[in-house]
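These are my notes on a single protein model, written down in the order in which I looked things up. I begin with the overall fold, go on to charges and end with backbone details.

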Amino acid sequence: MATYKLLLLPGDGIGPEVMAGVETVLGALAETGLARFETETDRVGGAAIDAHGTPLSDATLARAEAADAILLGAVGGPKWNGVAYDIRPEAGLLRLRKELGLFANLRPAICHPALADASALKRELVEGLDIIIVRELTGGVYFGAPKEITTLPDGAKRAVDTQVYTTGEIERIAHVAFDLARKRSGRVASAEKHNVMKSGVLWKEVVTRVHAQHYADVELEHVLADNCAMQLVRRPKQFDVLVTDNLFGDILSDVAAMLTGSLGMLPSASLGALDGRGTRKALYEPVHGSAPDIAGRDAANPIAMIGSLAMCLRYSFGLGEAADLVESAVTATLAGGARTADIASPGTEAVGTGAMAGLIAADLRARAA
Ligand code: IPM
Ligand code: MG
């Protein structure tokens with residue numbers, strides 16, 4: 001069995017607690033003999049600011065470059081509200097995404113049958129939901145220049161963010177979405193705002209062309225991003241693969257998360273381009289943030305983080321069997337009635353982060369035995 005090098009970046013808030021859950025599951029996986037990992041742990045975000053005065057040190061970036069894959073918890077929190085914009089905790093995560101070229105962010109939203117009643121939406125709208133948001137992750141308004149606040153002659157201030165997309169950036173994310181659709185139900189919806197934004201006009205044009213040239217077998221639908229948000233809460237199961245830009249993807253994936261019952265359920269994979277050796281840089285992280293309000297209280301849901309590990313097994317290492325095992329263990333543990341506070345229904349008793357991870361690991365061991 002090959003040993004892979006995993007870099008763990010727990011980060012801030014609930015990050016370290018959910019990452020501990022991953023370590024519990026990694027321990028169980030090693031026992032099954034299906035996958036063994038060498039792990040290294042380092043700092044990112046506020047934790048790195050406290051230690052090094054920067055949210056991502058060059059040394060940590062070098063380790064990230066050298067790792068076979070990266071698992072990241074969460075960054076940010078009120079403790080760092082006062083730090084300069086350029087070195088705020090989130091800047092560490094954005095630098096990682098940019099420097100490693102992680103342009104394709106896959107955010108699957110699956111509603112576990114056991115959780116259909118935990119969603120804010122009616123059961124019949126979300127039961128069986130299985131969609132995936134393909135979010136462009138290294139372009140758009142997150143990285144466009146200029147990005148600044150200047151002072152006008154009259155003393156008032158002027159803030160600018162710039163939304164930029166080039167043909168190539170749109171093409172490569174479109175390919176990811178269409179390729180993924182071929183392995184699923186063969187349908188892609190592309191969300192932009194071509195009615196207001198030039199970047200939306202180009203987005204629609206390029207996605208349409210990539211589709212016509214290479215993916216005539218896939219069904220493509222264009223949807224305005226605001227309408228898409230509405231459709232996601234109105235009739236979410238109409239979608240399968242949803243491709244969109246960095247900012248719309250950020251917003252729409254939070255909406256999608258709530259369909260599944262809780263933000264604590266959504267994993268994600270951020271992937272780079274294939275290199276000459278057939279491998280790609282990859283970072284896996286839950287869609288949720290650092291949740292400072294519940295940090296350190298053993299109250300967080302570790303499932304999004306553990307689901308991110310499953311995506312890592314599948315996408316970075318081709319360990320589909322191990323990934324299935326982790327995902328089945330999560331499903332079975334939920335079906336068995338275990339709930340963290342965020343998904344607990346009235347009358348059920350919530351378990352802590354550590355206990356939830358322990359139950360998942362125990363199910364995994366039993367399943368593999
Ligand atoms: C996400 C987060 C990040 C983003 C933050 C933490 C910078 O909200 O991954 O969705 O906006 O991309
Ligand atoms: Mg977000």
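**Overall fold.** I counted 12 helices and 12 strands in the protein, where helices (H or I, at least four residues) and strands (E, at least two) are DSSP runs numbered from the N terminus. The radius of gyration is 20 Å, close to the 21 Å that the globule rule gives for 369 residues, so the protein is as compact as a globular protein of that length; the radius is taken over C-alpha atoms, and the rule is 2.2 Å times the number of residues to the power 0.38. Along the principal axes, the C-alpha atoms fill a box of roughly 65 × 50 × 50 Å.

**Conventions.** I keep in mind that this is a predicted model, in which local features need pLDDT of at least 70 and side-chain atom pairs count only at pLDDT 80 or more, while totals for chains, interfaces and linings use all residues. Residues are numbered from 1 along each chain as its sequence is written, chains are lettered from A and ligands numbered from 1 in the order in which they are written, and side-chain values use heavy atoms, with hydrogens and water left out.

Buried residues make up 50% of the 369 residues, buried meaning under 20% relative accessible area, exposed over 50%, and partly exposed in between (1.4 Å probe, protein chains only). I then looked at contacts (heavy atoms within 4.5 Å): among those between residues at least 6 apart in sequence, 75% join residues at least 24 apart. The protein exposes about 15,500 Å², of which carbon and sulfur atoms supply 53%; the areas come from the Shrake-Rupley method with a 1.4 Å probe, and for residues only the protein chains shown count as cover.

**Charges.** I found 36 positive and 45 negative side chains, the centres of the two sets lying 3 Å apart. Lys and Arg count as positive and Asp and Glu as negative, with His and the chain ends not counted, and the place of a charge is taken as NZ of Lys, CZ of Arg, CG of Asp or CD of Glu.

Which residue does aspartate 130 form a salt bridge with? The partner is arginine 184, with the closest N and O atoms 3.3 Å apart. Aspartate 130 lies in strand S5 (residues 130-136) and arginine 184 in the loop between helix H6 (167-183) and strand S8 (187-192), so the pair ties together parts that are 54 residues apart in sequence. Both ends are partly exposed, aspartate 130 at 38% relative accessible area and arginine 184 at 29%.

I next looked up arginine 182, which forms a salt bridge with aspartate 217 at 2.7 Å between the closest N and O atoms. This pair links distant parts of the chain, 35 residues apart, with arginine 182 in helix H6 and aspartate 217 in the loop between helix H7 (198-214) and strand S9 (219-224). Arginine 182 is partly exposed at 42%, whereas aspartate 217 is exposed at 53%.

The salt bridge of arginine 367 with aspartate 363 has its closest N and O atoms 2.6 Å apart, and both residues lie in helix H12 (residues 353-368), four residues apart, about one turn of the helix.

**A charge without a bridge.** Glutamate 169, in helix H6, is buried yet has no salt bridge, the nearest side chain of opposite charge being arginine 172 at 4.8 Å. Leaving aside neighbours within four places in sequence, I find glutamate 169 in contact with Glu136, Thr138, Gly139 and Val164.

**Backbone details.** Most residues other than glycine have a negative phi, and most peptide bonds are trans. A cis peptide bond, with omega about 0°, joins alanine 145 and proline 146, and proline 146 is found in strand S6 (residues 144-151). Aspartate 298 lies in the loop between S12 and H10 and has a positive phi of about 55° although it is not a glycine; at 40% relative accessibility, I note aspartate 298 as partly exposed.

Technical notes: A salt bridge is a side-chain nitrogen of Lys or Arg within 4 Å of a carboxyl oxygen of Asp or Glu.
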